[in-house]
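Hi everyone, thanks for coming. Let me put the sequence and the structure up on the screen, and then we can walk through them together.

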Amino acid sequence: MIELKNTVKKFDSYTALNGVDLKIEKGTAFGLLGSNGAGKSTILRLLSGIYKQESGEVLIDGQPVYDNIAAKQKVFFINDETVQFGSFTLKGLKNYYKTYYPNFSEELFESLRKRINLPLNKKINTFSKGMKRQAIVIIALACRTDYLLLDEAFDGLDPTMRIIVKKMLVDAMLDRQLTTIISSHNLKEINEVCDTAALLHNGKIVFSREIDSLKGEVHKIQAVFPQNADGSPADFTQEDFASTGLKILHFERSQSIYYIIAKGDEDTVRAAFAPKEPLLLEMIPLTLEEIFIYELEVLGYDSNDISGN
Amino acid sequence: MFSIDLTSRTPIYEQIYENIIGLIVKGRLAENDQLPSVRAFAKDAGVNPNTVAKAYQELERTGIIYSVPGRGSFIAKPDSTVFQGAVLADFDSAALACADRGIDKQVLTEHLDNIYTKHGKGEQL
């Protein structure tokens, strides 16, 4: 299990992580979402022992990570900057990593390599961006670590290769309970690959939840209410609905039609709206992308503001 | 055989659950038929194996499938109350949608009468 407890990471005067609490259970595929500069990569670098936190704890299976070889051998980090050792051949690169990871399996490496037909004796420099990614992914899987960290996971891979890599991850998850932590801006990918996700903003966790339960919990609601006795359209404010225990993320009204994004399961939404006797009440669950946008809008990260509309 | 829509708003585990019930209702999966392993399903549909396992657990809990350790998961003897429950839940949500759109209960009753009269005579709707 991975735990971050009240973790603070600063770069000079800039605070990248501002008291992060996060728990990642073994065997999950965990998606790290967040705005640009939210602190996703900083978390991955703390977990792989590249950075040291200013305060708080970063634990892998209960052990602090920084300067701890035993803990670091449980983790493989695939950086978003692909491969640093361009003058190595794939064979050379594999042998380099092999010395650091005692669980390395030559057999697994060969079977993965054959599946994607990667040349063993060519310099990594001559590989395309996608091939470099493939090379580091199969080395990472062959190191058979308990934890695999992927920064901008599927960047540079073509659609077929994405499917192959996903299948490799499925095998590793089922064969040895691999825990993967994936940071990505591609919400569709996170939705497919991950079962749990956390949203980061300004160095803090907004939420950390199971994706399936998250989806049933935020709704897009369209409602129309009866006119007042004097014929004027029903006039409700955001507070009229928030007072019933529902968390309103977005509130918009156009004449008598209300567009509301609210947090709460279907029953809670119905219970909150029923007393106002809506003529029409429609609700659909949100996609992960919509959840991302509205959750951040509440925190003042608004696409409308940024675009100047 | 299974169709999982990764862009859908419906949670993936719910889609897997509904998919399998749907295939049993349509007669494409029969009692004692074997389901694909969690691994095969996850690879085939390109989804997270934990999600597939969760759907299988839920199907087993509700008695729709049973598992034999070391051999896999199989379709259980269909229990009519489970399937009637699933169909009735669909009916309820359709009726709820009608109510949301302000359709009068009387209109729904007429529709129901119409359906049952025609069904009794073996006519197509």
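Predicted model: local features only at pLDDT ≥ 70, side-chain atom pairs only at ≥ 80, totals over all residues.

Okay, here is the solution: in strand 13 of chain A, A:Gln222 has A:Tyr259 as its bridge partner. Zoom out and you find both strands in an open sheet of 4 strands of chain A, with the order 12-13-11-14 and antiparallel pairing. What is left without a neighbour in the sheet? Strand 12 (247–254) and strand 14 (280–285) of chain A are at the edges and have a single partner strand each, so one side of each lacks a neighbour in the sheet. On average, neighbouring strands here are turned by 15 degrees against each other, direction ignored.

Now look at what packs on that sheet. Helix 11 of chain A, residues 288–298, does so, touching strand 11, strand 12 and strand 13 of chain A. The direction of helix 11 makes about 95 degrees with that of strand 12 of chain A.

On to the other sheet of chain A that I'd like to show you. It is an open sheet of 6 strands with the order 6-7-8-3-9-10, and this time the pairing is mixed. As a quick reminder, strands of a sheet pair through backbone hydrogen bonds, either parallel or antiparallel. The edges are strand 6 (75–78) and strand 10 (204–210) of chain A, each of which pairs on one side only. Neighbouring strands of this sheet are on average turned by 15 degrees against each other, again ignoring direction. At one end of the order, strand 9 (residues 196–201) and strand 10 of chain A run antiparallel and are joined by 6 bridges. To give you one of those pairings, A:Thr196 has A:Glu210 in strand 10 of chain A as its bridge partner.

Next, the domains. The assignment for chain A gives domain 1 as 2–208 and domain 2 as 216–306, and their centres, taken over C-alpha atoms, are separated by 38 Å. So what joins them? Here 11 residues of domain 1 of chain A are in contact with 8 residues of domain 2 of chain A. The area buried between these two domains is about 850 Å², and carbon and sulfur atoms give 86% of it. On the domain 1 side, A:Leu187, A:Leu199 and A:His201 lose the most area to domain 2 of chain A, together 51% of what that side buries. Between the two domains the count of salt bridges is 0, and there are 0 residue pairs in polar contact, with both at pLDDT 80 or more. Strand 3 (29–34), helix 7 (187–193), strand 9 and strand 10 of chain A each supply at least two residues of the domain 1 side. Helix 7 of chain A gives the most to that side, with 3 residues.

Let's move to chain B. Its assignment gives domain 1 as 12–75 and domain 2 as 80–120, with 28 Å between the centres over C-alpha atoms. Strand 1 (residues 65–68) and strand 2 (residues 72–75) of chain B pair in the antiparallel sense over 4 bridges, and B:Ser67 stands opposite B:Ser73 in strand 2.

Finally, how do the chains meet? In all, 23 residues of chain B are in contact with 30 residues of chain A. About 2,200 Å² is buried between chain B and chain A, with carbon and sulfur atoms giving 48%. B:Arg9, B:Lys43 and B:Asp100 are the residues of chain B that lose the most area to chain A, together 32% of what that side buries. How many salt bridges are there between chain B and chain A? The count is 6. One salt bridge links B:Arg101 with A:Glu282, where the closest N and O atoms are 2.3 Å apart. There are also 14 residue pairs in polar contact between chain B and chain A, both at pLDDT 80 or more. Helix 1 (12–25), helix 2 (38–45), helix 3 (49–61) and helix 4 (80–100) of chain B each supply at least two residues of the side that touches chain A.

Terms used. Residues numbered from 1 in each chain as written. Chains lettered and ligands numbered in written order. Heavy atoms only, no water. Pairing = 2+ DSSP bridges. Axes fitted to C-alpha atoms, helices over the stretch in contact; angles between N-to-C directions. Domains from an automatic or database assignment. Contact = heavy atoms within 4.5 Å. Buried area = accessible area lost by both parts, 1.4 Å probe. Salt bridge = Lys/Arg side-chain N within 4 Å of Asp/Glu carboxyl O. Polar contact = N/O pair within 3.5 Å; in protein donor to acceptor, adjacent residues only side chain to side chain.
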